[in-house]
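Trainee: Could we go through this structure together? I would like to start with its pockets.

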Amino acid sequence: MKITGLSHHVSARVYFLLALLSFCLPCFAQAPANGPEGSWKGTLGAGAVKLRLVLTVTKTSNGEYKGILESIDQGATLPADKVTLTADKLRVDVERVHGFYEGTFNQDFSEITGSWTQNGLAQPLTFKRVESASASPAKDDDKKTASGPPSSSPADVTVPIAPTAFQADGKTHIVYELHITNFAGSKPMTLAGIEVLSDSGTSLARMEKSDLVANTLIIGNYQATGMDKLNLAPGQMANVYMWITLENSAKVPAFLEHKIAVKMGKSEDEIIARGIHVAVGRDVATISAPLRGDNWVAGNGPSNASGHRRALIPIDGHAQIAQRFAIDWVRMNADGRTFAGDPKDNKNYRAYGSEALAVADGTITEVKDGIPENIPGENSRAVPITLETIGGNHVIIDLGHSRYAFYAHLQPGSLKVKLGDHVKRGQVLGLVGNSGNSTEPHLHFHVSNGNSPLGSEGIPYALESFEAKKKAGDPLSPHKLEIPTEDEVVKFEK
């Protein structure tokens with residue numbers, strides 16, 4: 001089962017595939033021929049249904065192996081939970097999709113033959129090593145000239161919107177992006193690492209190659225995988241998705257400082273730019289729940305790998321991430337499915353017809369109605385998807401202080417508010433449906449800083465209270481003044 005949010009096809013909870021799964025593990029500089037490090041390409045499936053894969057394995061400074069799964073055809077990036085090498089055998093575990101890959105290297109470590117197993121179904125999968133130009137040895141003239149003047153760096157770094165610290169999972173999180181542009185006149189630039197420091201100089205986070213590959217998007221080359229994500233041609237820009245987590249006892253810094261290491265040309269010498277101060281806000285809006293009842297799954301909810309998190313979209317001349325903290329709320333039955341009976345009937349989905357509630361007092365600033373509902377499914381949109389129809393029947397509430405709550409995919413004819421209405425917290429706005437860019441009945445909800453579904457920046461918020469569990473079968477735990485995270489199963493007050 002896959003749910004489409006406003007702009008991305010993304011997975012709900014533990015489901016990632018329908019029939020086949022395509023992975024890309026990012027490509028890193030190639031390792032010696034007798035090791036697993038590097039990029040590996042393969043194809044899962046046969047006939048007309050084939051998915052292109054890239055597997056990238058790196059070795060951290062402490063000697064552990066890490067892996068990244070990217071799906072070229074699905075546009076997904078999944079960090080592996082565990083990478084194990086035993087003699088010539090490799091295993092890559094991806095708990096998020098309940099899958100793992102097991103394979104055996106050939107004699108010269110140029111190919112891995114094995115199978116991908118998910119939910120008990122095994123399919124053959126062979127990876128072949130990808131040669132990378134970045135592995136070429138450095139030339140003497142590169143080593144002499146790449147570094148440039150002391151303390152200089154050709155990297156231009158900006159932050160499109162300053163972050164606001166928020167609470168989730170009992171911890172404090174700081175989420176933002178770095179836009180890094182290669183300002184060198186002629187040489188390519190390779191991202192080598194990022195360290196984030198607090199205002200007191202304490203190191204808060206380090207991003208090594210595997211982290212960078214998993215969290216970098218090359219603007220203008222969205223199909224880039226592996227090491228290609230870290231190599232910037234002159235004038236090219238990378239968007240790096242940052243997610244800093246502090247323990248509850250840690251003080252929220254007033255600002256963050258960054259140390260960004262790059263390499264020029266084929267040189268192995270690192271140039272480090274230090275500075276890039278980013279102010280950290282603390283003023284988070286407290287809101288009530290947009291729904292009632294239990295077994296609501298925070299599909300595609302806040303995480304650094306969520307499809308919503310990665311939805312950088314240019315609107316009216318400015319690229320923004322309105323869905324930075326968006327959630328696709330689907331509702332499960334006792335058996336873990338979101339429907340009972342015919343999956344092509346919207347009425348058979350538990351979320352269908354649920355009341356969408358105002359999360360705070362405010363003024364209705366946008367209303368869209370009259371868009372027919374889709375038949376549930378991946379490719380069954382009732383209308384062409386445009387900027388006007390992507391959210392389906394929807395409502396926006398001005399909460400004040402440049403905060404706007406957006407509700408999407410409502411049933412046509414169910415909206416109970418009109419433009420200019422003043423609403424109260426808990427008031428019914430409409431009924432959950434399946435209109436717009438949606439694959440099944442659900443409520444897309446997010447808060448942003450502008451009166452536009454996509455032409456604004458997503459901002460965090462805090463729900464007054466809710467109960468949640470990580471997966472079915474776990475006990476519910478209470479949460480106050482937090483935001484649910486991706487795939488949590490949530491119970492709101494009735």
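Trainee: Which element gives the most to the lining of the largest pocket?
Mentor: Strand β19 does, with 5 residues. Please keep in mind that the model is predicted. Residues 237–246 make up β19, and β5 (65–71), β6 (76–79), β16 (203–207) and α2 (209–214) also supply at least two lining residues each.

Trainee: How many residues line the largest pocket, and which lie nearest its centre?
Mentor: The lining has 37 residues, and Pro79, Asp81, Ser303, Asn304 and Ala305 lie nearest the centre. The space in this pocket comes to about 1200 Å³.

Trainee: How many of the lining residues are nonpolar, polar and charged?
Mentor: There are 16 nonpolar, 9 polar and 12 charged residues in the lining.

Trainee: Let us change topic. How many helices and strands does the chain have?
Mentor: The chain has 2 helices and 36 strands. Of its 494 residues, 54% are buried. Among contacts with a separation of 6 or more, 65% are between residues 24 or more positions apart.

Trainee: Which residues touch the most other members of the largest nonpolar core?
Mentor: They are Trp329, Ile397, Tyr407, Leu429, Phe445 and Phe492, in a core of 41 residues. Several elements give two or more residues to this core, including β26 (327–331), β29 (393–400), β30 (403–410) and β34 (461–469). The element that gives the most is β34, with 5 residues.

Trainee: What is Trp329 in contact with, leaving aside its neighbours within four places in sequence?
Mentor: Its contacts include Pro290, Leu291, Trp296, Val297 and Ala298, and also His442, Leu443, Phe445, Pro484, Val490 and Phe492. Apart from this core lies another, of 32 residues, and Ala165, Ala224, Val262 and Met264 are among them.

Trainee: Now the strands. In which sense do β9 and β10 pair?
Mentor: The pairing is antiparallel, over 7 bridges, between β9 (residues 99–105) and β10 (residues 111–118). Within it, Tyr101 has Trp116 of β10 as its bridge partner. The two strands form a hairpin with 5 residues between them, and Phe109 in the turn has a positive phi of about 55°.

Trainee: How many bridges join β10 to β11?
Mentor: There are 8 bridges, and β10 runs antiparallel to β11 (residues 121–130). Thr113 stands opposite Thr126 in β11. This hairpin has 2 residues between its strands, and Asn119 takes a positive phi near 50°.

Trainee: How far apart are Gln427 and Val359 in sequence and in space?
Mentor: They are 68 residues apart in sequence, and their C-alpha atoms are 8.3 Å apart in space.

Notes
Residues are numbered from 1 along each chain as its sequence is written. This is a predicted model: local features need pLDDT of at least 70, side-chain atom pairs count only at pLDDT 80 or more; totals for chains, interfaces and linings use all residues. Side-chain values use heavy atoms; hydrogens and water are left out. A nonpolar core is a set of buried Ala, Val, Leu, Ile, Met, Phe, Trp, Tyr and Cys residues joined through side-chain atoms within 4.5 Å. Buried means under 20% relative accessible area, exposed over 50%, partly exposed in between (1.4 Å probe, protein chains only). Helices (H or I, at least four residues) and strands (E, at least two) are DSSP runs, numbered from the N terminus. Contact means heavy atoms within 4.5 Å. On a 1 Å grid over the protein atoms alone, a cavity is a set of points where a 1.4 Å probe fits but cannot get out, and a pocket is an open set with protein on both sides within 12 Å along at least five of seven lines; lining residues have an atom within 4 Å of a point. Grid points are joined across faces, edges and corners, and a volume is the space filled by probe spheres set on the points. Ala, Val, Leu, Ile, Met, Phe, Trp, Tyr, Cys and Pro count as nonpolar, Asp, Glu, Lys and Arg as charged, and the others, Gly among them, as polar. Two strands pair if DSSP finds at least two bridges between them.
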